[in-house]
Amino acid sequence: MESLVLLLVALICAIQAVRSAQLLIAALWLAGVSACIALFLYALGAHAIAVIELSVGAGLVTILMVFAITMVGEDSEPHQPVVPRWMAIALPAAVLILAAGLLLNAGISSSADAAPDESLSAVLWQLRGADVAAQLALIFAGVLGLLALLADDREEPGASSLWVEAESDEPSAQFRVAEKSEVDLEEVGSPQ
Amino acid sequence: MIWGLVAAFALLAVGLYGLLALRNLIKLTIALQLMMKGGLIAVVLAGDAVGQRGLGESLGVTLIIADTVAAVIGLALAVLVRRRLGSLDIEVVSKLRG
Amino acid sequence: MNAALPVGLLTLPLLSSPLAYFVGRFSGRRHGLAQFVALVVLLVAWAMFVAMAGQLAAGETPQFEYGMIAFRLDGLAMYMAALALGLSTLAVFFARQMFQARAGSEKYYAALLALTGAMIGLAGARDLFNLWVWFETMIAASYLLVVIFHDEALNLEAGFKYVVQSAMGSGLVVFGIALILLDTGTLNLDLIAQAAPHSAMAAIGSALCFIGFGVKVAIVPMHTWLPDVYTQSPSVSSAVLAGAVSKAGLVGLLRVTAALSAAIPWADLFMLFGAASILAGNLLAFRQRDVKRLLAYSSMGHLGYVMLGIGFGLHAGQTAGVYGGLFHALNHSVMKGLAFFSIGAALYLLSRPVGREHGLRLDDLAGMARRCPLLALALTLALFSLAGIPPLAGFMSKWQIFAAGLAANSPWVTALVVFAALNSVLSLGYYLPVVNALYREGASEGQTRLPLPRLMAIPLVVLSFLIVLLGLWPDAVRWLVAPASVLGG
């Protein structure tokens, strides 16, 4: 019963997160969704993942969101949506109705009787070690992307950071850069 | 249990609506997060329903990590866009193409 | 069975990705060393690939297990590995000039290696969820390829579209996986295939996977990210995205198709969306004056031919159509890789500021033939092959797709073949002006002459050679494509 209430609250928070005009408020509603889901998972008996969702989903992501919002400042949502509003409502509604109808008809057996089998850590680290390995690669790739995004290009003044400036510069600056890289291309040489 | 899955799809629907209707880059990231939260409920419950709770939870952990990475990249992009353009509106960005 | 080779092929690029990064970061000469590391790693990976291709030809499938997750480098996986390794190797050759004096190239090489490893993992994984994790890793690594030069607002916009739509696609796949797990009780692709689910739940799960992977393939209604991303990314990245990453989405989709073959009418879906993509890609490409945008839309059309071929094969239950489709996908990687590399070289010769990738108009290419005949020839070959002019590679694979369709002896399928053939002729209408511009007298002649760097010329020569070779001798890649087109494998 309390699970149902939690899910309902999560949904309401989700709708509010999408509807709210202020970014900061929307981020807090999202944190509410995460917290409700974490509690739901806890009530389900999935304790470990509830803790992870609470700390990463409700905690870390919210902190990052708030941090990003304070960096960029509030920016109100424009009134004109990208796609017609009826489509933006109809498409997700169709997905929901289809899936809900399907699930309610399918009659999935409740897993109350299912014995709590292997613990999360045993499954995650031993049986699904390949997932963990792929995750490490995923995190590394994400960090690389973040580094590339946040990198300051100022360390090399030759390559101006705005093309507008580069164009108004005398063209020779561009060519010097090109020639320079030509030269150390010759130095390093092709490895084969 | 069934209602949990229905709620998961409801979160997917809310997230999809957000992705289609919103233009603010940070709010698009929030909509993505909503969608992935639905995915999290769905995989954990699916594992639970087939009697492999450990499996479902394991998938859930991986999912949380993956969508956090996507959220971080999305937020970083939003911050950069704002710095360069002074707007978070995806349409303003598009108009630059001219 | 010796598991060292498949383990090595999977882990080597992934493990050496941080190595390339740190080597590049902490060595004074940032440009050379990371590139060198990446190149050595890829060459070693190629050696392993060749050894494994020998095993595969001898009838052994290289495989290994890690926990409950099995990896099997069957025909389709080897096909994907060849595309991933091929495009990455050429991109490593090419990328150097792109950076000129800018910092950050070591990240690019590291991301290329991670991307390659993730694509091989995706292709080899026999576990649906593990496949998704690799898919997600591949997407995360490809973000960097798009946003590496982010000082321009348009590049950021493309990057954001890419991030949002990719994440949306992979989110839908997660829901699909949850439904499939719910229906079959397993994530193992072989066990799912044995269960051959055909319930409504499996159908919706498969449809969600189709849409989710379809975002990466850029099937028609899910294509909106593609023109911006291919136009704004550095040309090297566009080549890798069009040549390898979109094919990885296709491989993911084919894995689901093979495992859940009874769940939904896959053949009809492939043919319908394939035909729609061909038409949409062609119509959108017609109005383009920006050369990279034109190539982006033509990419959509060509993936449409691939889908159509696979649909023909699934429809008739024979491998000829799938063979044609995968052969065309391979050719598309070669042709589009060559086209984007040529555009990258042209941008370099025109001394465009680094990172300004869009807005290369037809007129800008005028006089290129005089200035750099090799470049003009390469781009011409690529475009003629894309248009399907015999005897180039693109013609051969389109021909095989059409032949497979005609062999099906069904009026609808025949109508689709005619439709696709007409579209193929129509596409000349937008490829020819580009070729015409190349050989016209024009503005670019008068500018300062930069020579085409040798490292930049290597990918152009290699890919041009492949286009001619595959046109004259299409069976040269039969060893690679034929095992891949047995989808059930």
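Analyst: This is a predicted model, and chain C has a mean pLDDT of 89, with 95% of its residues at 70 or more; pLDDT is the predictor's confidence in each residue, from 0 to 100. Local features need pLDDT of at least 70, side-chain atom pairs count only at pLDDT 80 or more, and totals for chains, interfaces and linings use all residues; side-chain values use heavy atoms, without hydrogens and water. Residues are numbered from 1 along each chain as its sequence is written, and chains are lettered from A and ligands numbered from 1 in the order in which they are written.

User: Where in chain C is confidence lowest, and where is it highest?

Analyst: The lowest mean, 83, belongs to helix H14 (residues 368-371) of chain C, and the highest, 94, to helix H10 (residues 235-259) of chain C. Helices here are DSSP runs of H or I with at least four residues, strands are E runs of at least two, and both are numbered from the N terminus.

User: Why is Glu157(C) called buried?

Analyst: Buried means under 20% relative accessible area, exposed over 50%, and partly exposed in between (1.4 Å probe, protein chains only). Glu157(C) has 2% relative accessibility, so it counts as buried.

User: What makes H4(C) largely enclosed by the rest of the structure?

Analyst: Of the 20 residues of H4(C), 20 are buried, so this helix is largely enclosed.

User: How do you know that the span of helix H4 of chain C is close to the expected one?

Analyst: The expected span is 1.5 Å times one less than the number of residues. Helix H4 (residues 105-124) of chain C, with 20 residues, reaches 29 Å from its first C-alpha to its last, close to the 28 Å expected.

User: By class, what makes up the lining of the second largest pocket?

Analyst: That lining has 20 nonpolar, 3 polar and no charged residues. Ala, Val, Leu, Ile, Met, Phe, Trp, Tyr, Cys and Pro count as nonpolar, Asp, Glu, Lys and Arg as charged, and the others, Gly among them, as polar. H3(C) gives the most to this lining, with 7 residues.
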